[in-house]
Structures are given as structure tokens and as C-alpha cells.
Amino acid sequence: MKEWTGLPKPFSIAVNVSPQVLADREFVTRLKLLKAALAEWGFGLTIELTEDSLVQSDDSSLASIERVRKLGIELAIDDFGKGYSSLSYLKQIPATEIKIDKRFIGTIAIDEKDQQIVKTVIALAHALGMRVVAEGVDSVEGLAVVSDLGCEMAQGFFIGRPMRGDLVPEWLDHYLATATNPCVPVAKLWGA
């Protein structure tokens, strides 16, 4: 955190959470402590749950998700479109973000069907008040297409490869200095 204090704000950290962790009785208590520690340094927190884990959620998991949202922690649906995309859980889960699976993004610059699917998911997410992240953006052409479709954020090897946390400030300085349009969409770090 100390190394990241100079990063532009708002800056948020995303953490993938498994269904087993979500079911742990101590999870929400630990999450509350993590949120408080991050807030002291000026960072936000997003919890990422895979689409598959949400489809399998029971009442206990749904209650934990509700407690997470009541803490003011953002919730992302990860890998959307990878599994059995059930629209019913979109109504039940108080998510703030949908992350479109890389299977639809990898060939989006040349595949019109992928473009239409992504365009539809973006429209649905926006209608439900959610941000959209394109996963697996690996080319400038792919970044241009998802940006043109209205996707707010992107992640992928074109933007940045997984890196140690202490390398993030240097990478971000370089990215902001060399990106053609670094603010649209805002880069979301993958694996940092």
C-alpha cells in the first residue's frame, strides 16, 4: 500500500473469492477489516465472484453477498458468459460490475457475432446499473472495439501482463505516458 500511495485516485483493488471462502462465517468480518485498511490508504475494494459460483449460490451465500454489499464493497460477476449465463441471478445478485469472459473478447475485432453478443451484454449491464469490463483484451483493435461498444474498462495482455505489486507504479507511469488514449477505457490491472 505504501508503494501505491502515489497512484491516481480513485484506485481500486479487486480480489477473486471462491464459493468456499464466501461461505466461511468469518469472511465478512475479515473483509470489513480489509476494507478499512484499504480505505486508510485511499483504495477501494471490489470482490469478484465467478459466474459459475453465483449460479450455484445457496441462501447462505446470497446472505453473505448481501452483507458484503452493505459494507459498501463493490461486487463483480467474473467470467460472464463462460458458463450457464442465468439471467435470474442478475436480478438477485447486487453486483456493480460484469466482466465479460475473454472467449467473446479475443476475436471481437473480426467476429461480428462476438461483437453483437458483447454489445447486448453491455446494454443489459448498463440497464441494470452495472459497469462492464472486457476480459482478455490482447490487441489495439480489440481495445478499440470494446471501447466503441461502450465498455468502461478493459483488462488483458495488451494493457498489462500479470506483475508483482511493487512494479505497478512504474508500469502505470509508462502506460499513461505511452497509451494513445489512456483514459478510455480505463485500464484495469490483471494479476497485479
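**Notebook: rings, charges and a patch**

I counted four aromatic pairs, taking rings of Phe, Tyr and Trp (its six-membered ring) as paired if their centres lie within 6.5 Å, with planes under 30 degrees apart called stacked, over 60 edge-to-face and the rest tilted. Trp4 and Phe11 are edge-to-face, because their ring centres are 5.6 Å apart and their planes stand at 75°. Trp4 also makes an edge-to-face pair with Phe43, at 6.1 Å centre to centre and 70° between the planes. Trp4 lies in the segment before strand S1 (11–16) and Phe43 in strand S2 (residues 43–50), so this pair ties together parts 39 residues apart in sequence. Ring pairs link Trp4, Phe11 and Phe43 into a cluster.

A note on the model: it is predicted, local features need pLDDT of at least 70, side-chain atom pairs count only at pLDDT 80 or more, and totals for chains, interfaces and linings use all residues. Residues are numbered from 1 along each chain as its sequence is written, and side-chain values use heavy atoms, with hydrogens and water left out.

For helices (H or I, at least four residues) and strands (E, at least two) I use DSSP runs, numbered from the N terminus.

Next I looked up salt bridges (a side-chain nitrogen of Lys or Arg within 4 Å of a carboxyl oxygen of Asp or Glu). The count comes to seven. Lys99 and Glu48 meet in one of them, at 2.7 Å, N to O. Lys99 sits in strand S4 (residues 97–100) and Glu48 in strand S2, 51 residues apart. Lys99 is buried at 1% relative accessibility, and Glu48 is buried at 3%.

Which other partner did I find for Lys99? Asp78 forms a salt bridge with Lys99 at 3.9 Å, N to O. Asp78 is in strand S3 and Lys99 in strand S4, so the pair ties together parts 21 residues apart in sequence. Bridges with shared partners join Glu48, Asp78, Lys99 and Glu135 into one network.

I also checked Glu74 and Arg131, whose salt bridge has its closest N and O atoms 3.0 Å apart. Glu74 belongs to strand S3 (residues 74–80) and Arg131 to strand S5 (residues 131–135), 57 residues apart. Glu74 is partly exposed at 24%, and so is Arg131 at 28%.

Technical notes. Buried means under 20% relative accessible area, exposed over 50%, partly exposed in between (1.4 Å probe, protein chains only).
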